[in-house]
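Here is a short report on one protein model. Keep the structure in view as you read.

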Amino acid sequence: MLDPKGRVAMVSGASRGIGRKIAERLLAAGYMVSAGVRNPGSLAAGDNLLVHRYEATGEARAWADATVARFGRIDVLVNAAGISRPVPLDSDDEAGLDDMWAVNVKGPLRAIRAALPHLRAGGTGRVLNIASLSAKRVANANFGYAMSKFALIALTQAVRREGWEHGIRATALCPGFVATDMTAHVADVPAAAMTDPADIAALAEMLLALPNNATIGELLVNWRLEPML
Ligand SMILES: NC(=O)c1ccc[n+]([C@@H]2O[C@H](COP(=O)([O-])OP(=O)(O)OC[C@H]3O[C@@H](n4cnc5c(N)ncnc54)[C@H](OP(=O)(O)O)[C@@H]3O)[C@@H](O)[C@H]2O)c1
């Protein structure tokens, strides 16, 4: 396994939910963490924690540059920022789909582009995209979200292809319901039955520590019995 000491991880969506749990977990494991958040006041910076403004609909280079200026390198990029919006199949309203394409797909793409030269330089770069089981099947009416997450799988595979010879490994982490603000509206499943975001963070730490020759491209996480293992 890779030693986290001295490794630098950028984490988007670090203000809340899964991204925040991952940022905290990596910090505790010994990483230097660069948290990308829309509101830098949402997180208290520390010796090994840089908090930088990151808006997923914009560019990510300023965040990557600030990370390198502070910590000297980038080894890990976790794309956790994401949104879910309804998209009707039977009307022309595409606003939700456009929003999700911008945040869930182009956001990670831009963050990857910004981090890529630095990930290449280290020889053990890691990209962890928080996708979803909705990236693997369409199980409910939320198909627009699934479209954006299927696209994130394509992006993950692209990074594996392009980055492989430089030691970059990319993984799509695919949970079902996780108990965060995103699922707070789900009335028929109690939060306690959903996956705990702290457990997603534990899986993220494990995935990011795997060596170049023991890499996992997708990890599917179930809180209930699913046809997809
Ligand atoms: N919860 C689930 O059941 C579940 C399951 C599978 C996958 N996922 C995925 O896991 C990731 C994290 O979700 P979560 O459950 O932690 O959701 P969450 O609690 O709603 O948190 C969403 C995070 O994304 C950030 N974000 C949203 N729009 C942004 C933008 N335009 N620019 C920058 N940051 C933005 C939020 O920042 P602000 O605080 O500034 O709003 C927040 O940090 C998402 O990609 C989601 O699709 C979630």
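Two residues are in contact if their C-beta atoms, placed from the backbone, lie within 7 Å. By that rule Arg7 touches Tyr31, Asp75 and Val76, not counting residues up to four places away in sequence. This is a predicted model: local features need pLDDT of at least 70, side-chain atom pairs count only at pLDDT 80 or more, and totals for chains, interfaces and linings use all residues. Residues are numbered from 1 along each chain as its sequence is written.

**Two residues side by side**

A residue is buried if 20 or more other C-beta atoms lie within 10 Å of its own, exposed if 12 or fewer, and partly exposed in between; C-beta atoms are again placed from the backbone. Arg7 is in the segment before β1 (8–12). Leu229 is in the segment after β7 (218–221). Strands (E, at least two residues) and helices (H or I, at least four) are DSSP runs, numbered from the N terminus.

| Residue | Other C-beta atoms within 10 Å | State |
|---|---|---|
| Arg7 | 23 C-beta atoms | buried |
| Leu229 | 5 C-beta atoms | exposed |

Arg7 and Gly167 are 160 residues apart in sequence and 15 Å apart in space, C-alpha to C-alpha. For Leu229 and Glu59, the values are 170 residues and 35 Å, C-alpha to C-alpha.

**The core**

A nonpolar core is a set of buried Ala, Val, Leu, Ile, Met, Phe, Trp, Tyr and Cys residues joined through C-beta atoms within 7 Å. The largest one here has 60 residues. Met10, Val11, Ala35, Leu77, Val78 and Ala115 have the most contacts inside it. Helix α3 gives the most to this core, with nine residues. Leaving aside neighbours within four places in sequence, Met10 has contacts that include Trp63, Ala64, Leu77, Val78 and Ala115.

How do α2 and α3 lie against each other, roughly parallel or roughly antiparallel? The axes of α2 (residues 61–71) and α3 (residues 95–122) come within 8 Å and cross at roughly 30°. That makes α2 roughly parallel to α3, since angles under 35 degrees count as roughly parallel. Axes are lines fitted to C-alpha atoms, for helices over the stretch in contact, and angles run from 0 to 180 degrees between N-to-C directions. Arg61, Trp63, Ala64 and Val68 of α2 make the contact with Ala114, Ala115 and His118 of α3.

Conventions: Angles under 35 degrees count as roughly parallel, over 145 as roughly antiparallel, 65 to 115 as roughly perpendicular and the rest as oblique.
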